[in-house]
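Keep the structure open beside the text as you read.

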Amino acid sequence: MAEFLEWDAHRLSAAIAAGVVSAADLMRATLDRVAERNPSVNAIVSLRDEDALMAEAREADLVPAKGPLHGIPIAVKDLANVAGLPTSMGSPVFAGQPAPTSDIMVQRMQDAGAIVIGKTNTPEFGLGSHTYNPVFGATQNALLPGTSAGGSSGGAAVALATRMVCLADGSDMMGSLRNPAGWNGVYGMRPSWGRVPAEPVGDMFLHPLSTNGPMARCPRDVALLLEVQAGIDPRQPFGLPSEQYQAQLQTNITGRKIAWLGDWGGAFPMEPGVLDTAAVAVAQFETAGCSVADVAPPFDADALWQSWTTLRSWAVAAKLGPLYAQAEMRDKLKPAAIWEIERGLAMTGAEIQRASAIRSDWYRAVIRLFDDYDAFVLPTAQCFPFPVEWDWPREIGGVTMDTYHRWMEVVVPVSLIGLPCLAVPIPGPRPMGLQIAGRPRDDIGILQLGEAWHGIS
């Protein structure tokens, strides 16, 4: 393997700009690495033609740098559109259909000079935190072969961990950037809602739950990619500006206060070993000068779950309902999608309003928590990677999981109110990670904590 495939993206970018590494050499090494590793892990799908990619890389060597990603190969999550490439979303409904244009986030990466080599695998429609689908099959964990890569950005995380790419995009509704990061030893950031714009299509006002964001092998690269992805889109009613995250990354975090919420007072069932692994890891922040305190649950877990599952099913029904309405399409949807759609279609306006009121109450409660703490921390999942043949774990810690996503309840406190959150990996024999969640819109604050973690872990 070419040595520079081990380099972080910011180092590679500087090397390309200085002429130390050519975009063509990087592309050649990348394609060789994909040929070597991808057959066993199945992370990258819809790989573009090799000759076309090499020609694009050689062209990049002949022109001035377009931006900080000039000549960097990337693969885009198969929920986002890349002009000319199929966006299957892991579903037979859309398999093989090329996108006419690139999504905003993708176009920004391309405008910064990135070369898209293909797509990264995802669960069908991104539903569920286990990357498998009937179009491309399952993605293997990069660290524990034979186990789940997590999801829905599982292909992205594995492509990073196996050095097939040095940067990756993802999206996060219910831990989709965080769980696969923790399970594959990389970093995944769910930015503040509105920081990275979605597409200006459909309804743009009611109950946003998901966001796009960056993944990488170090916080500085996360910051680099976030600078490219972020920024207000004037066609949309909500949005936050991009910032100079890299310039602010390294700082003294002495004195910052971290709330350790663990298993939320016993409300979140955990596989044996998960809580101990995460608790030992979070205590390492004390070596960087932070104070860490065990904190009682700041809100009722059942209320959070009720609000989340209501709003999530309602959102899924709004998105996938038109497919469900067509009998021939409905037969191609996986059971989890049908369950979500049918729940959402059956909900009343009063139920939606109650869920939104709970969400608002939680937001007010978390603001009070941040009066005393700079961040709160939870594990990235409630279990370690499970066998890749499973669809989802049916039991954790002796507790039956009553839905296909109950085992990821630990990510709901962040997702429900759109807090910025960085997943950082915990080194060890069984992959796990920490969610570091910060104040609303304090993306730089959690990146700074992540940078400190990178230096001590």
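M89 is found in the loop between β2 and α4. Helices (H or I, at least four residues) and strands (E, at least two) are DSSP runs, numbered from the N terminus. This is a predicted model in which local features need pLDDT of at least 70 and side-chain atom pairs count only at pLDDT 80 or more, while totals for chains, interfaces and linings use all residues. Residues are numbered from 1 along each chain as its sequence is written, and side-chain values use heavy atoms, with hydrogens and water left out.

Phi of M89 is near 55°, a positive value in a residue other than glycine. With a relative accessible area of 18%, M89 is buried; here buried means under 20% relative accessible area, exposed over 50%, and partly exposed in between (1.4 Å probe, protein chains only). W264 also shows a positive phi although it is not a glycine, at about 60°. This tryptophan sits in the loop between β9 (257-260) and α8 (274-282), and W264 counts as buried at 2% relative accessibility.

What kind of peptide bond joins G151 and S152? The bond is cis, with omega about 10°. S152 has its place in the loop between β5 (137-138) and α5 (154-161). For background, most residues other than glycine have a negative phi, and most peptide bonds are trans.

**An open sheet of three strands**

Now to the strands. An open sheet is formed by 3 strands in the order β1-β3-β2, with mixed pairing. β1 (44-45) and β2 (73-77) stand at the edges with a single partner strand each, so one side of each is left without a neighbour in the sheet. Two strands count as paired if DSSP finds at least two bridges between them.

| Pair | Sense | Bridges |
|---|---|---|
| β2 and β3 (residues 115-120) | parallel | 5 bridges |
| β1 and β3 | antiparallel | 2 bridges |
| β6 (residues 167-172) and β8 (residues 211-216) | antiparallel | 6 bridges |

In β3, T120 stands opposite K77, and I44 also stands opposite T120. The bridge partner of V76 in β3 is K119. From β2 the chain crosses through helix α4 (residues 104-111) to β3, and this β-α-β crossover is right-handed; that is, with the strands pointing away from the viewer, the path from the first strand over the helix to the second runs clockwise. In β3, 6 of the 6 residues are buried, so this strand is largely enclosed by the rest of the structure.

**Strand β6**

β6 is likewise largely enclosed by the rest of the structure, because 6 of its 6 residues are buried. L167, D169 and S171 point one way from β6, while A168, G170 and D172 point the other way, and all are buried. D169 has P214 as its bridge partner in β8.

**The second largest pocket**

How many residues line the second largest pocket? There are 17, of which W193, P208, Y363, I417 and G418 lie nearest its centre. The elements that give two or more residues to this lining are α12 (349-369) and α13 (412-417). α13 gives the most, with 3 residues.

Key. 1 Å grid on protein atoms, 1.4 Å probe; cavity = no way out; pocket = protein on both sides within 12 Å on 5 of 7 lines; lining within 4 Å.
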